[in-house]
Every structure is written in C-alpha cells, then in structure tokens.
Amino acid sequence: MSVKVLIPTPLRPYAGKQSVIEVTAQTVGEALNDLVTKHPDLRKHLFSEDGKLRSFVNVYLNDEDVRYLSKDATPVKETDTIIIVPSVAGGR
Amino acid sequence: MAELIDGSQATLSNDEILRYSRHLIMLEVTLEGQKKLKAARVLCVGTGGLGSPLALYLAAAGVGTLGLVDFDVVDYTNLQRQVLHYTSDVGRLKLDSAIDKLTAINPFVEIRRFDTYLNSQNALEILSGFDIIADGTDNFATRYLVNDACVLSGKPNVYASIFRFEGQASIFATEAGPCYRCLYPEPPPPGLVPSCAEGGVLGVLPGLLGVIQATEVIKLILGVGEPLIGRLLLVDALAMRFRELRVRKNQECPVCGANPTVKELIDYNQFCGIRGEESGVSTSTKVPEILPEELKRRLDVQEDIFVLDVREPHEYQIVNIKGHLIPLGDLPTRIHELDSSREIVVHCKSGARSAKAVDFLRKSGFKHASSLTGGILAWADRVDPSLPKY
C-alpha cells in the first residue's frame, strides 16, 4: 500500500528536492527500501555500508520511534506517515 | 516533579514589582513564581542565533542570574538573525555586546560572563554555578559535551537546533526523561550534515526556536505546565507546521542508561571527528591548490587557464569571477563540457566543494585540475576587494 515519507530539509537535495514522497510498502523496512530505490542518493545518508540505519538518523512511524516498535518489521497502514528525523546542530 | 528552584529567600524591590506586574497578576506566576525566577540561575551556551532571543527574554522575564558562554566576535553575517548584536557591534566580542543589551533591558539581572570555548576541562566547573542549561551552540561536539555535562551534573538541558527553515526543540537530561544521546546515540560523520554556514538559515528561525527554549526554561523554573520532556518538537517554518514526536529514555544509553559507560567528559572533537564549524576545506580531500594571487598573476599574462565555478547558480548571481558554472552535484553528468588537456582551476565559496570537485576530476583523468585556496572569498580578500562577500 502507499505510505507517505516526510523528508527533512537536510536530505531534500538527495530526494529530488521533495518534502513528501509516496512509497509502496507493507513495513517500515520496505518503505525505506522503496525510498532509496527511487532516490539512490539518499542511501548513504540513511544507511551505513553494512546496511544498518545510521545512528544519527531516527525513523518515526507517526509519533513513535520505530526502534521502540518492531523496527524494520513494523507494519504500516495507508494513513500512516513515516518521518525521517536526522540530527542537526545549527544554532548560531 | 520536585521543585527545581527555591524562591523563598528572594526579595523584590518596589521597582521590580512594578516591572513584573504582568507576571505577578497571573495565577501561574504570582509573587512566588517571580521570586523563583529571581532565584534561578540559567546558563546560556552561545549568544548567537538561538542565544539572542533566549537571553533577551530570560533577562526581560527577570531570571536573576544569567550565565553567558561565548568566545566569538560579532561579524556582518551574524546581524541577519542574532538580534542581540547591532551593526555598531561588528568587531566586538559577542559577550560585551550581549551584556550591554541585556543590562539595558533589565539592570536587575546579574550576568556572569565566560569568555571561553566550553570544553571537557571547564564544562562541569562552569555548569556547577547554574540550575538550568540552555544549549544554543552550533556544532555536534559541543552539543554532546553539553548533554553529557548536564547528565553528569543532574541539570536539565533545554535544547534547540536549527537548519535552513526547520528546527528541533526538547528538554534533555532531567531525572526521569531521556537525554540527547537517547535520541541520537552518535554524531554524524564529519561532512555528511551541512552546517548553517553551508546550508544557510532563515533569519527568523532561531528567533522562533530560541523563544521556545526561553518558554521551556521559564516553565521549568516556575514548575508549571507541561515541559517538553520526552517530546521532540519539530518546527517547519516554511509550512508553518509543528509536529511532536515521542522520545524515550534508552535503558542502554551510554551516559544516562542503567549501566552507563560514559562516566566523565570525553574528547568530543575526537568523538565527532574534528571538524570546523565553517565550511573549511575538508581534511579528507587533499588536492593540488593554487593561491588567489598566483591565479591572478597567471591570468594577467594570458596563460591558458580554464576557471570552473562549482557553486550553485544563486551563488553565482551574488558574485562571480566569470568562471564556467557547473554546480558540484551536476559535475558527473556535465563533465563532457570540460577539456582534460587544459589546465583547470576550480573554485567555490571557500574551498571545500572545489576540493571535492578536483578530487573527482583527477580521478576522472583530469591531470591538470587544481582548487583555488579559500575560494571566491579569498579572491575577494586578496585580489579584488571590490567584490561582495557572502
């Protein structure tokens, strides 16, 4: 089914400058896979070389961190929104 | 939650009572709350984009003791957002400029100045004189340092960060709540996440986020409302959308978890990979360089040099030296526009992107490519001072 992924500002240059991307998936893992298949430049920003989600990037399903759900296996519904939340440090 | 601040010993003069009258008549504040504000000691780390509105509002609200940590000097590019500092302050220490404004707003505030970088050697000592810490810094190393120092000293870290037109805010390191490392266990590798100096920042955005920080600091002092603990507020100023995410305390957190491995402050530059705050030349890419004076001399004697500008078109519009424009990201698909037999000098704004471009070109068989040291900024400084800098 089709799910929305919200792309944060720092990653938009690698996602065709889009802020929302629709992907087709049954789980969070499939959704991220579909995302980096559509936008290959995103891959190195989301995943380390061994394919694990980078530790400075958090993935939320609606308002909950998927690390505290079933991680990649967390099922998604049509109305769900996946939010990518990378760390940013700016302040000056 | 136990009361963070005991205001029972504080006293307010008649002048102060008049000044704070709009607080005193609110049931959420009252005289008791205003005395807590007066008794409170808040440390603002940084007096820049976030620190400006933060410190201004905390001073106006009557926070009794404000600590300011900064080592920086005001420059022209700060003025678009750092509202503590005026045009006439350019070249002054931010601390001097900040103290003038804060004292003018509220002479009843005691200000403590720390004219230094916060580092692993001085952080715990500086934090020890304060009840609440507000993090308005601009780099990952200091973010992790402030977090760990807050956890180790048991003091709340009122956090915000900004990038372009998006911001994040939360309160970390309270007794029951998560810390910054629960949310982000590790920093990004150097160079992967751009800084504000590279990516830009909408001038009002630190205003929005700094005021959110000030609000949370005041709520913590008063002990009212629902503090932003265990919640990450995401602000998108372009869409003007506020979103709230849950942040859980991670039992395996290396600093605040059940079995912490970080029990004292570490070397945060090493932890984050040493990286300048500005877009300096990446240390990982060593490529041949040419100094602006040298390029100028050789161009003046009509040597055959092809100047390639790898910035973005909107930067080219601001200022250019008539180089051929191919943005760094387009270089792989437009490399056929270049002649590998010619000498190519690549430039960008300050040298980081051109180093990457030269590295790429040399790997693609362009043996005569070099990078202009310091970019167009250095060219403007050293060759043609009539050019604008940005």
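**Exercise 1. Describe the overall make-up of chain B: its secondary structure, its extent and its domains.**

Step 1. In this predicted model, chain B contains 16 helices and 13 strands.

Step 2. Taken along the principal axes, the C-alpha atoms of chain B fill a box of roughly 80 × 50 × 40 Å.

Step 3. Chain B has 390 residues, and 45% of them count as buried. Among contacts in chain B with a separation of 6 or more, 69% are between residues 24 or more positions apart.

Step 4. The chain is divided into domain 1, residues 14-272, and domain 2, residues 289-382. The centres of these two domains of chain B, taken over C-alpha atoms, are separated by 40 Å.

**Exercise 2. Find the strand order of the open sheet of 5 strands in chain B, and say which strands stand at its edges.**

Step 1. The order is E9-E13-E12-E10-E11 (chain B), and the pairing is parallel.

Step 2. E9 (289-290) and E11 (324-325) of chain B each have a single partner strand, so one side of each is left without a neighbour in the sheet. These two are the edge strands.

Step 3. Inside the order, strand E10 (residues 305-309) of chain B is joined to E12(B) by 5 bridges, and the two run parallel. One position to look up is B:Asp309, which stands opposite B:His347 in E12(B).

**Exercise 3. Which residues of helix H16 of chain B are buried, and what covers them?**

Step 1. H16(B) spans residues 375-382, and its buried residues are B:Gly375, B:Ile376 and B:Trp379.

Step 2. Viewed down the axis of H16(B), these buried residues fall within an arc of 130 degrees, so they line one face of the helix.

Step 3. The cover over the buried residues of H16(B) includes helix H12 (292-300), strand E12 (343-347), helix H15 (352-363) and strand E13 (369-372) of chain B.

**Exercise 4. Compare the span of helix H5 of chain B with the expected one, then list its buried residues and their cover.**

Step 1. Helix H5(B), residues 94-105, has 12 residues. From its first C-alpha to its last it reaches 16 Å, close to the 16 Å expected at 1.5 Å a residue.

Step 2. Buried in H5(B) are B:Lys94, B:Leu95, B:Ser97, B:Ala98, B:Ile99 and B:Leu102.

Step 3. Helix H4 (51-61), strand E2 (65-69) and strand E3 (110-114) of chain B are among the elements that cover these residues.

**Exercise 5. Locate B:Asp267 and A:Lys71, and decide for each whether it is exposed or partly exposed.**

Step 1. B:Asp267 is in the loop between strand E8 (241-246) and helix H11 (268-272) of chain B. It has 12 C-beta neighbours inside 10 Å and therefore counts as exposed.

Step 2. A:Lys71 is in the loop between E4 and E5 of chain A. With 14 C-beta neighbours inside 10 Å, A:Lys71 counts as partly exposed. A:Lys71 also has a positive phi, of about 50 degrees, although it is not a glycine.

**Exercise 6. How many residues of chain A are in contact with chain B, and which elements of chain A contribute?**

Step 1. The contact involves 21 residues of chain A and 35 residues of chain B.

Step 2. On the chain A side, the elements giving two or more residues are strand E3 (57-61), strand E4 (64-65) and strand E5 (81-86). The largest share, 3 residues, comes from E5(A).

Step 3. Sorted by class, this side of chain A has 10 nonpolar, 7 polar and 4 charged residues.

Methods
Residues numbered from 1 in each chain as written. Chains lettered and ligands numbered in written order. Predicted model: local features only at pLDDT ≥ 70, side-chain atom pairs only at ≥ 80, totals over all residues. Contact = placed C-beta atoms within 7 Å. Helix = DSSP H or I, 4+ residues; strand = E, 2+ residues; numbered from the N terminus. Nonpolar A, V, L, I, M, F, W, Y, C, P; charged D, E, K, R; others polar. Domains from an automatic or database assignment. Buried ≥ 20, exposed ≤ 12 C-beta atoms within 10 Å, placed from the backbone. Arc of directions from axis to C-beta. Expected span 1.5 Å × (residues − 1). Pairing = 2+ DSSP bridges.
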